[in-house]
Amino acid sequence: MEEAAAHNGSAAGAGAGAGAGTPAAARPPATPEGMALAYGSLVLMALLPIFFGALRSVSCAKSKNSSEMPETITSRDAARFPIVASCTLLGLYLFFKIFSQEYINLLLSMYFFVLGILALSHTISPMMNRFFPANFPNKQYQLLFTQGSGESKEEIVNYEFDTKDLVCLALSSVVGVWYLLRKVFGTNVMVTVAKSFEAPIKLVFPQDLLEKGLEADNFAMLGLGDIVIPGIFIALLLRFDISLKKNTHTYFYTSFVAYIFGLGLTIFIMHIFKHAQPALLYLVPACIGFPLLVALAKGEVTEMFSYEESSTPKEVPGASKEETTEAAKKEK
């Protein structure tokens with residue numbers, strides 16, 4: 001489970017699922033202004049991807065063809081998730097005990113390097129499409145992997161892309177190589193990764209930025225899992241709101257406020273007990289409890305628990321009237 005923590009120096013001993021750092025040496029405590037700036041920035045950095053990611057998930061669902069099978073998580077998958085996650089954490093722990101951290105971190109760094117390039121390419125693709133001329137020679141491609149043959153043939157990978165996507169991938173690769181040359185080969189990374197687990201699984205922000213500027217070394221930290229897991233749940237509640245067809249997004253905004261409350265409670269408890277706290281311990285009850293109370297008050301508990309994505313969402317908060325009207329016409 002990811003943790004929210006305030007710590008001195010770089011994050012040490014942070015693994016996949018543990019985000020708390022250990023103070024390497026005694027340092028002067030951060031000022032109230034510095035802590036407010038750090039925690040405010042972390043909360044903002046957590047809220048923005050959740051909010052816009054939820055809206056983007058609806059837009060992506062709208063753009064899918066009705067013939068495409070949606071990716072779903074069955075009850076069996078959900079029940080196995082805690083077991084698989086626990087085994088993964090235990091496996092990483094044993095890997096760190098058996099193998100050198102230097103090679104493990106190098107492997108993980110390359111994995112996240114490739115993953116980062118693909119994520120950046122997918123993110124900038126909608127924006128870059130506006131800059132391509134109308135006569136741009138755009139060709140369609142398809143990457144298809146199947147298993148079996150005949151009637152038992154099953155699709156494993158079916159990814160469609162075009163020339164514009166390849167251009168975005170090339171631009172993202174240039175940015176990735178630049179970052180690699182600047183941050184990896186420009187520093188003594190082998191020494192750094194041998195001392196700590198370095199991977200993009202956490203957000204950090206200096207608490208002494210106002211005092212030391214770029215020399216700041218007293219960081220507050222929020223684990224990536226504290227953003228991703230609640231973010232998926234909040235995005236799902238937005239789709240549930242849309243499925244009710246009431247032109248309101250009560251559950252989405254309720255869960256969004258609940259997430260803010262959960263993060264604030266985590267920070268408060270952490271400073272009361274002077275110890276790093278597992279943020280999901282407070283986020284999960286808040287994000288589930290608040291919408292559930294609203295459902296109880298509105299008498300929609302049955303609809304919430306029986307909700308399935310059987311149709312394409314038709315409305316996005318903040319979407320233009322033209323887009324909403326067009327979706328309604330397609331439905332008719």
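Tutor: Let's start with Arg80, which is partly exposed, with a relative accessible area of 42%. On this scale buried means under 20%, exposed means over 50% and partly exposed is in between, using a 1.4 Å probe and protein chains only. A word on the ground rules: this is a predicted model, where local features need pLDDT of at least 70 and side-chain atom pairs count only at pLDDT 80 or more, while totals for chains, interfaces and linings use all residues. Residues are numbered from 1 along each chain as its sequence is written, and side-chain values use heavy atoms, with hydrogens and water left out.

The partner of Arg80 is Asp77: their side chains meet in a salt bridge at 2.9 Å, N to O. That label takes a side-chain nitrogen of Lys or Arg within 4 Å of a carboxyl oxygen of Asp or Glu. Asp77 is also partly exposed, at 29%. Both residues belong to helix α2 (residues 75–98), where three residues, about one turn of the helix, separate them. Helices here are DSSP runs of H or I with at least four residues, strands are E runs of at least two, and numbering goes from the N terminus.

By the salt-bridge rule the count comes to two. The other one joins the side chains of Lys246 and Glu300, 2.2 Å from N to O. Lys246 sits in the loop between α7 and α8 (250–273), and Glu300 in the loop between α9 (280–298) and α10 (301–305), so this pair ties together parts 54 residues apart in sequence. Glu300 is buried at 4%, whereas Lys246 is partly exposed at 43%. As a general point, side chains of opposite charge can pair when their charged atoms come close.

Now for a charged residue without such a partner. Asp241, in helix α7 (residues 225–244), is buried yet has no salt bridge; Lys298, the nearest side chain of opposite charge, is 6.1 Å away. For charge, Lys and Arg count as positive and Asp and Glu as negative, with His and the chain ends not counted. What lies by the side chain of Asp241, then? One of its polar atoms is 2.7 Å from the backbone nitrogen of Phe252, and the backbone nitrogen of Tyr251 lies 3.0 Å from a polar atom of that side chain. Leaving aside neighbours within four places in sequence, Asp241 is in contact (heavy atoms within 4.5 Å) with Thr248, His249, Thr250, Tyr251 and Phe252.

Back on helix α2, there is Phe95, partly exposed at 46% relative accessibility. Together with Leu90, Tyr93, Leu94, Ile98 and Phe99, Phe95 forms a nonpolar surface patch with about 660 Å² of accessible area. Patch members have over 30% relative accessible area and no salt bridge; nonpolar side chains (Val, Leu, Ile, Met, Phe, Trp, Tyr) are joined within 5 Å, like charges within 9 Å. The areas come from the Shrake-Rupley method with a 1.4 Å probe, and for residues only the protein chains shown count as cover.

Zooming out, the chain has 11 helices and five strands. Buried residues make up 33% of its 332 residues. Of the contacts with a separation of 6 or more, 69% are between residues 24 or more positions apart. The chain exposes about 21200 Å², and carbon and sulfur atoms supply 65% of that.

Technical notes:
Polar contact = N/O pair within 3.5 Å; in protein donor to acceptor, adjacent residues only side chain to side chain.
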